[in-house]
Each structure stands twice: as structure tokens, then as C-alpha cells.
Amino acid sequence: VIAANIDGSDIEYLYGYNGSTQSKRASRFHDDLGYGLISHIPQSMNGTIQLTSNEWKVNRTQLYEINTYSVYRKTMADIPMRRLRFVHQTDGTPRFALGWNEQNDRVILRKDDRSGAWNSVDKQTLDMQLNPILFNADNSAFYAEFSSDGGPFGLLRENMKDGQRTI
């Protein structure tokens, strides 16, 4: 993953194999032996991005906030499960991590602000298949696709404070 000005100048190597030799600023990090996907770009366009990292043969997903000017990385999430994707609030806060476990079961993790832990959303208490998509403007609720009993998918809105759902 590289960053550059629109005219192609000031190219910076942000993530990837041989990153330490491709960029003077990235030399403080080890080579990234895996792949990275841009997960979020803030609306403010302040020069930061959030990047999901999946290293080869490592059972974990990491989410970095990377400053594209200084190439400085900040770890925002480090979850011991491979190939997760993140759903971000409108302010850029990662709230959900979605993926599949080793048994190919759907996994939804939700970040707890108080503890910082990524807690599994229990399928039995949920009583539906849920796929969070996005948050409303003030982050008080999120929208998700849902399916009950294997039926067709619908759209629901869930309040973040009390869990009340509207279909």
C-alpha cells in the first residue's frame, strides 16, 4: 500500500513486503509479510487511513491507523482471528469485526468501550443472522442486514444504548 500526492510526487510506502527498504520513513517497522486492505478513510481527509493487516501464517487480524505523511502506525485492534473486516462508526472508531472462524461459522465481534475488549455477539441470544453495515450520523444507532430462520434478508436499525431494534 502506497500513498502519493495527486501529481505522483512524495511517494510513501505505507505497508507491504520490503517496506523497510522502500521508504526511509517506514524503515522503523519490520517487513509486512502479508497483505493489507484499506478499511476506513476519514471524512476529514486529514492524511490518516485505517488499514487491516493479515500476515501470512499468523492467526490474527490487526487494524492500524497510519499517518500517510509520517508513515507512523498506531495499533487500533489486534484480534487473534484471521481475515476479519471492520465496520467503523462515522467518527472512524472501529465498532464491529466480522468474519468466519476455523469451523466456517460466522463471527461478529463488538468492541466494548469500557474494557477495550472485542466481545463475541452470541448467535443464540441474537436469534438471527446479522450483518452490520453502517452507522447513522451521530453514531447512536447502526444499520444491519438480518435474516431470521434462514429467510430472506431485511434491514434493521439498532439503538446503541438500549439495543432497541426497528425493522
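In this predicted model, Glu 158 and Arg 165 form a salt bridge in which the closest N and O atoms are 2.8 Å apart. Salt bridges with shared partners bring Arg 110 together with Glu 158 and Arg 165 in one network. The structure holds four salt bridges, and the count of aromatic pairs comes to five.

**Salt bridges**

- Within the bridge between Glu 158 and Arg 165, Glu 158 counts as buried at 6% relative accessibility, whereas Arg 165 is partly exposed, with a relative accessible area of 35%.
- A further salt bridge joins the side chains of Arg 60 and Asp 78, with an N to O distance of 2.4 Å. Because Arg 60 lies in the loop between strand E4 (48-55) and strand E5 (61-67), while Asp 78 belongs to strand E6 (residues 73-79), the pair ties together parts that are 18 residues apart in sequence.
- Arg 60 counts as partly exposed at 29% relative accessibility, and Asp 78 likewise counts as partly exposed, at 37%.
- Asp 113 and Arg 95 also form a salt bridge, their closest N and O atoms being 3.1 Å apart. This pair links distant parts of the chain, since Asp 113 sits in the loop between strand E9 (106-111) and strand E10 (118-120) and Arg 95 in strand E8 (residues 94-100), 18 residues apart.
- In the pair of Asp 113 and Arg 95, Asp 113 is exposed, with a relative accessible area of 56%, but Arg 95 is buried, with a relative accessible area of 5%.

**Aromatic pairs**

- Among the five aromatic pairs is the edge-to-face pair of Phe 86 and Trp 118, with 5.7 Å from centre to centre and 70° between the planes.
- Phe 135 and Phe 142 form a tilted aromatic pair, 5.9 Å centre to centre with 55° between the planes. Both Phe 135 and Phe 142 are buried, and together with Phe 96 they form one aromatic cluster.

**Charges over rings**

- The charged end of Arg 73 sits over the ring of Tyr 64, at 5.3 Å from the ring centre.
- Arg 106 lies over the face of Trp 100, where the distance to the ring centre is 5.0 Å.

How values were computed. Residues numbered from 1 in each chain as written. Predicted model: local features only at pLDDT ≥ 70, side-chain atom pairs only at ≥ 80, totals over all residues. Heavy atoms only, no water. Helix = DSSP H or I, 4+ residues; strand = E, 2+ residues; numbered from the N terminus. Buried < 20%, exposed > 50% of the residue type's maximum accessible area, 1.4 Å probe, protein only. Phe/Tyr/Trp six-rings, centres within 6.5 Å; stacked < 30°, edge-to-face > 60°. Lys NZ or Arg CZ within 6 Å of the ring centre and 35° of its normal.
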